Every structure is written in structure tokens, then in C-alpha cells.
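This report goes through a set of computed features in one protein model. Please keep the sequence and the coordinates open alongside the text.

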Amino acid sequence: MSEAPEEAGTTAAVHHVSPAEAWTKLMAGNQRFVDATSSHPNQDASRRSSLANTQNPFAVIFGCSDSRLAAEIIFDLGLGDAFVVRTAGHVIDNTVLGSLEYSVQYLGVPLIVVLGHDSCGAVTATKGAVATGEMPSGFIRDLVERITPSVLTSLRNDHTADVNDMVEEHVKQTVDRLVQNSPIIARAVASEKAAVVGLTYRLVEGRADLVSQIGTL
Ligand SMILES: [Zn+2]
């Protein structure tokens with residue numbers, strides 16, 4: 001591909017914030033959410049119309065599909081702020097990598113966020129499958145297979161590891177794999193155009209904590 005796909009309805013972004021500025025902005029939004037002082041920015045009609053022919057998101061958020069992990073809400077964002085990709089247990093496949101690469105290459109997104117959370121159902125299912133040897137049916141098995149290396153590493157490091165320890169390990173491994181598997185992301189990180197961060201989200205407090213980072217913030 002030499003130019004952005006037409007169907008995306010976007011033009012090349014003309015200005016970008018740095019990875020550090022994007023990180024500061026993301027964390028400020030999460031703090032507002034934690035404090036119950038969300039400002040619900042960029043959600044009005046003028047913002048909507050201003051984005052009709054362009055978008056310039058400052059982050060791509062790759063998180064778990066869990067209904068309690070709504071990306072724009074927990075970081076107090078609005079239209080055009082974040083490019084979002086979500087799968088159960090934030091498992092990676094080629095279309096996920098393609099979506100992330102699109103956001104980096106064509107939208108110039110400076111911050112790539114991997115977002116896991118405590119009590120994750122997909123990680124809990126994988127913990128159970130590893131313990132019993134019984135794999136779930138259907139394509140849920142694909143999720144479990146992709147999370148299993150993280151669960152095994154977590155148990156090897158600490159045989160008493162709980163689900164939340166496994167989630168943290170899985171976030172770290174997901175961050176590592178994004179950079180290892182995608183030359184586009186690796187180049188963006190090496191040239192300091194983008195950074196990758198791994199966050200774990202606490203369902204009760206609403207807080208996202210940094211557990212992994214590749215690149216300069
Ligand atoms: Zn989850």
C-alpha cells in the first residue's frame with residue numbers, strides 16, 4: 001500500500017503530539033475518571049463535523065473486550081481521540097496487528113496502549129485450561145491458546161500466581177509481541193515517533209497503572 005485506503009475516509013494527519021504528550025494526556029483523562037470529574041471532551045456536534053473528513057487520534061488503545069473496560073470512558077476521551085482495537089484477553093492476530101499498523105503508519109499515532117484488567121475472564125479461562133488440561137470449545141479455544149504462554153510464564157515465575165499476576169504478565173508479553181512481530185511498530189518506536197505502554201486497569205478504582213513500556217515517553 002502506498003497510500004491510505006480510501007474507505008477509511010481519512011487524510012494524513014498534519015500535526016502530531018509526541019509520545020510523552022500523548023501519555024500525559026491519556027493519564028490526565030484517567031485521573032479525571034478515577035476522581036469522578038470526567039469532562040466528556042470532544043463529544044459535541046461541532047467536534048463531530050470537524051472530523052468528517054479527517055482524524056488525528058493521539059493514541060491507539062488495544063484492550064480487552066470486557067464491557068467494563070470502555071476505552072473512551074475510562075480515559076475521558078471523545079470523538080477522534082483514540083483509535084481502538086479490542087479482543088477478549090487482548091489477544092493478537094494478524095488483523096489486530098494490521099489495525100495497529102494502520103493507526104501508526106497512516107494516522108501517525110504516537111502512543112500504542114495495551115490495556116488489560118484485573119479479574120479478566122479470558123485469562124481466568126486460560127488459567128483453568130492450564131490447570132485441568134481441558135480446552136474450551138469453539139473458537140474460544142483460540143483465545144485460550146494465545147493467552148497460555150503468559151499463564152505458563154507467570155506460573156513458572158511464581159507457582160502461587162493469581163489471575164491478576166497472569167494479567168500483568170500477559171500485558172507485558174503482548175507489548176513485547178507487538179514490537180517483535182510488527183516491523184512498522186518497531187520502526188516507529190526506534191525512531192521515537194511512537195512508544196508502546198502496557199497498562200493494567202483496576203475495575204473497582206478505575207485506575208490504569210503502567211506495567212510495561214517500550215520506547216521513550
Ligand atoms: Zn478481560
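This is a predicted model: local features need pLDDT of at least 70, side-chain atom pairs count only at pLDDT 80 or more; totals for chains, interfaces and linings use all residues.

Residues are numbered from 1 along each chain as its sequence is written, and side-chain values use heavy atoms, with hydrogens and water left out.

**Zinc site**

The zinc ion is coordinated by Cys-64 (SG), His-117 (NE2) and Cys-120 (SG), at 2.1 to 2.3 Å. Donors are N, O and S atoms within 2.8 Å of the metal (3.2 Å for Na, K and Ca); water is not among the atoms, so sites may look incomplete. Along the chain the donors have the spacing C-x52-H-x2-C. Distant parts of the chain are linked here, since Cys-64 belongs to strand E1 and His-117 to strand E3 (residues 111-117), 53 residues apart. Helices (H or I, at least four residues) and strands (E, at least two) are DSSP runs, numbered from the N terminus.

Cys-64 counts as buried because its relative accessibility is 5%, and Cys-120 counts as buried at 2%. His-117 is buried as well as Cys-64. The classes are buried (under 20% relative accessible area), exposed (over 50%) and partly exposed (in between), with a 1.4 Å probe and protein chains only. A search of the whole structure finds zero disulfides, a disulfide being a pair of cysteine sulfur atoms within 2.5 Å.

Arg-68 sits in the loop between strand E1 (59-64) and helix H3 (71-74). With 44% relative accessibility, Arg-68 counts as partly exposed. Leaving aside neighbours within four places in sequence, Arg-68 is in contact (heavy atoms within 4.5 Å) with Ile-74, His-117, Ser-119, Tyr-201 and Leu-203. Between the C-alpha atoms of Arg-68 and Tyr-201, 133 residues apart along the chain, the separation is 10.0 Å.

The loop between H3 and strand E2 (82-87) holds Asp-76. Asp-76 is buried, as its relative accessible area is 2%. Not counting residues up to four places away in sequence, Asp-76 touches Gly-29, Arg-32, Ser-38, Ser-39, His-40 and Pro-41.

| Atoms from | Atoms from | Distance |
|---|---|---|
| Arg-68 side chain | Asp-66 side chain | 2.8 Å |
| Asp-76 side chain | Arg-32 side chain | 2.6 Å |
| Asp-162 side-chain oxygen | Asn-164 backbone nitrogen | within 3.1 Å |

**Aromatic rings**

A search of the whole structure finds two aromatic pairs. The ring centres of Phe-83 and Tyr-102 are 5.9 Å apart and the planes stand at 35°, so the pair is tilted. Rings of Phe, Tyr and Trp (its six-membered ring) pair if their centres lie within 6.5 Å; planes under 30 degrees apart count as stacked, over 60 as edge-to-face and the rest as tilted. Phe-83 lies in strand E2 and Tyr-102 in helix H4 (residues 94-105), 19 residues apart. Tyr-102 and Tyr-106 form a tilted pair too, with 5.5 Å centre to centre and 40° between the planes.

**Helix H7**

Helix H7 (residues 163-181) has 19 residues and spans 26 Å from first to last C-alpha, close to the 27 Å expected at 1.5 Å a residue. That expected span is 1.5 Å times one less than the number of residues. Buried residues in H7 include Val-163, Met-166, Glu-169, His-170 and Gln-173.

Definitions and conventions:
A polar contact is a pair of N or O atoms within 3.5 Å; within protein, one must be able to donate a hydrogen and the other to accept it, and residues adjacent in sequence count only if both atoms are side-chain atoms.
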